[in-house]
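Reader: I am new to this structure. Please take me through it in questions and answers.

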Amino acid sequence: MSSTTTERSIPGVLWIAVVILGVSGLILLSLALARSNGRHLLAGLVCFALVVGLCLGHRWAYVLAVFFHGPLTLIVIVLNPRGMLSVLLINLPVLVSVLLSTSYFFGTQKPRALVNPLVCPRCGYTLLGLTVPRCPECGQQFDIPM
Ligand SMILES: [Zn+2]
């Protein structure tokens, strides 16, 4: 995969949702233009907003995508069982793709460690102003350049 400008690269499985939502958005927008249908226009714009939000790793996009393609889809199926096929072909892959990418939205946000770099990890002696990479109290060596 080519390099990206974002710090975290988009997980491969998330591209399924991005591509499906992007194509759906294009279809909905062209339908909206052909029939001047406001509902299709809104749905198309939501699709594109989700594509951008998902690519950038925004949590609101994750929550909306899961809600639209999970609980909301379930309600639509109950109300209109004839729409089952399109749901299975479009909404289910998006839901699975987004759910499998959960760590992209909610992981790696917290700092890995809360270790104070100015204190010896072995004895707690303050290391401020050291000129050699070694603790003067306990003799612990460090890898950090001085
Ligand atoms: Zn020490």
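Author: The crossing of H1 and H5 is left-handed, a term used if the near helix is turned anticlockwise from the far one by less than a right angle, while clockwise is right-handed. The model is a predicted one, where local features need pLDDT of at least 70, side-chain atom pairs count only at pLDDT 80 or more, and totals for chains, interfaces and linings use all residues. Residues are numbered from 1 along each chain as its sequence is written.

Reader: At what angle do H1 and H5 pack?

Author: Axes are lines fitted to C-alpha atoms, for helices over the stretch in contact, and angles run from 0 to 180 degrees between N-to-C directions. The axes of H1 and H5 are 7 Å apart, and the packing angle is about 145 degrees.

Reader: How do the residues of the contact of H1 with H5 divide by class?

Author: Two residues are in contact if their C-beta atoms, placed from the backbone, lie within 7 Å. From H1 come Leu-14, Ile-16, Ala-17, Ile-20, Leu-21 and Ser-24, and they meet Ile-90, Pro-93, Val-94, Ser-97 and Val-98 in H5. Ala, Val, Leu, Ile, Met, Phe, Trp, Tyr, Cys and Pro count as nonpolar, Asp, Glu, Lys and Arg as charged, and the others, Gly among them, as polar. The contact of H1 with H5 therefore divides into nine nonpolar, two polar and no charged residues.

Reader: Which residues of H5 does H3 meet?

Author: The axes of H3 and H5 cross at roughly 145 degrees and come within 9 Å, and this crossing is left-handed. On the H3 side are Tyr-62, Ala-65, Val-66 and His-69. In H5 they meet Asn-91, Val-94, Leu-95, Val-98 and Leu-99.

Reader: How many helices and strands does the protein have?

Author: Helices (H or I, at least four residues) and strands (E, at least two) are DSSP runs, numbered from the N terminus. From that end the elements run α-α-α-α-α-α. The count is six helices and zero strands.

Reader: Which residues does Val-98 touch?

Author: Val-98 is among the H5 residues that H1 meets, and among those that H3 meets. Leaving out residues up to four places away in sequence, Val-98 touches Leu-14, Ala-17, Tyr-62, Ala-65 and Val-66.

Reader: Is Leu-45 buried, exposed or partly exposed?

Author: A residue is buried if 20 or more other C-beta atoms lie within 10 Å of its own, exposed if 12 or fewer, and partly exposed in between; C-beta atoms are placed from the backbone. Leu-45 is found in helix H2, and its C-alpha is 8.5 Å from that of Leu-28, 17 residues apart in sequence. Because 14 other C-beta atoms lie within 10 Å, Leu-45 is partly exposed.

Reader: Where does Asp-143 lie?

Author: Asp-143 is exposed, because 5 other C-beta atoms lie within 10 Å. Pro-133 is 10 residues apart from Asp-143 in sequence and 7.0 Å apart in space, C-alpha to C-alpha. Asp-143 lies in the segment after helix H6 (102–106).

Reader: What is the mean pLDDT of the protein?

Author: pLDDT is the predictor's confidence in each residue, from 0 to 100. Over residues 1–6 pLDDT stays under 50. In the protein, 86% of residues reach 70 or more, and the mean pLDDT is 84.
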